[in-house]
Amino acid sequence: DIPNGLAALSKVPGAGWAQIITYMSFCEISQDQSAGSPGAEGDFGFKVLTSSDPAEKQKKLAAELANGRLAMMAIIGMFFQDGLTGSAWGD
């Protein structure tokens, strides 16, 4: 049986970790990230937040950054709760 929360990490088999590491490596080396290239600046040609109005684009980017920070704080809180109580979801 697979436990909840961080305890589930100990149940991932070695082959699973190898797949994760292999895919992460593929993602890193499949893009040209040399100095001066668009990939070095984080631009991989995938545009979701676009607008012809610079002010609107800046507003969208700021909202996305704020939402990302909120999500990071939420997951850190869940990790802390799981480590403290053994239950990440309040079960």
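M72 is exposed, at 52% relative accessibility, where exposed denotes over 50% relative accessible area, buried under 20% and partly exposed the range in between (1.4 Å probe, protein chains only). This residue lies in helix α2; helices (H or I, at least four residues) and strands (E, at least two) are DSSP runs numbered from the N terminus. Between M72 and P13, which are 59 residues apart along the chain, the C-alpha separation is 27 Å. The model is predicted, with local features requiring pLDDT of at least 70 and side-chain atom pairs counted only at pLDDT 80 or more, whereas totals for chains, interfaces and linings use all residues. Residues are numbered from 1 along each chain as its sequence is written, and side-chain values use heavy atoms, with hydrogens and water left out.

The chain contains two helices and zero strands. Along the principal axes, the C-alpha atoms fill a box of roughly 50 × 30 × 20 Å. Of the 91 residues in the chain, 7% are buried. Contacts (heavy atoms within 4.5 Å) between residues at least 6 apart in sequence join residues at least 24 apart in 19% of cases. The accessible surface of the chain, from the Shrake-Rupley method with a 1.4 Å probe and, for residues, only the protein chains shown as cover, comes to about 7,600 Å². Carbon and sulfur atoms account for 64% of this surface.

A nonpolar patch on the surface is formed by L6, L9, W17, I20, I21, M24, I75, I76 and F79, with about 820 Å² of accessible area together. Two or more residues of the patch are given by each of α1 and α2 (54-85), and α1 supplies the largest share, four residues. Patches consist of residues with over 30% relative accessible area and no salt bridge, with like charges joined within 9 Å and nonpolar side chains (Val, Leu, Ile, Met, Phe, Trp, Tyr) within 5 Å. A salt bridge is a side-chain nitrogen of Lys or Arg within 4 Å of a carboxyl oxygen of Asp or Glu. L6 is situated in the segment before α1 and is partly exposed at 37% relative accessibility.

One aromatic pair was found in a search of the whole structure. Y23 and F26 form this pair, which is tilted, with 6.5 Å centre to centre and 35 degrees between the planes. Rings of Phe, Tyr and Trp (its six-membered ring) pair if their centres lie within 6.5 Å; planes under 30 degrees apart count as stacked, over 60 as edge-to-face and the rest as tilted. Both Y23 and F26 belong to helix α1 (residues 14-29), three residues apart, or about one turn of the helix. Y23 is exposed, with a relative accessible area of 55%.

K59 is located in helix α2 and is exposed at 58% relative accessibility. The C-alpha atoms of K59 and L49 are 9.9 Å apart in space, with the two residues 10 apart in sequence.
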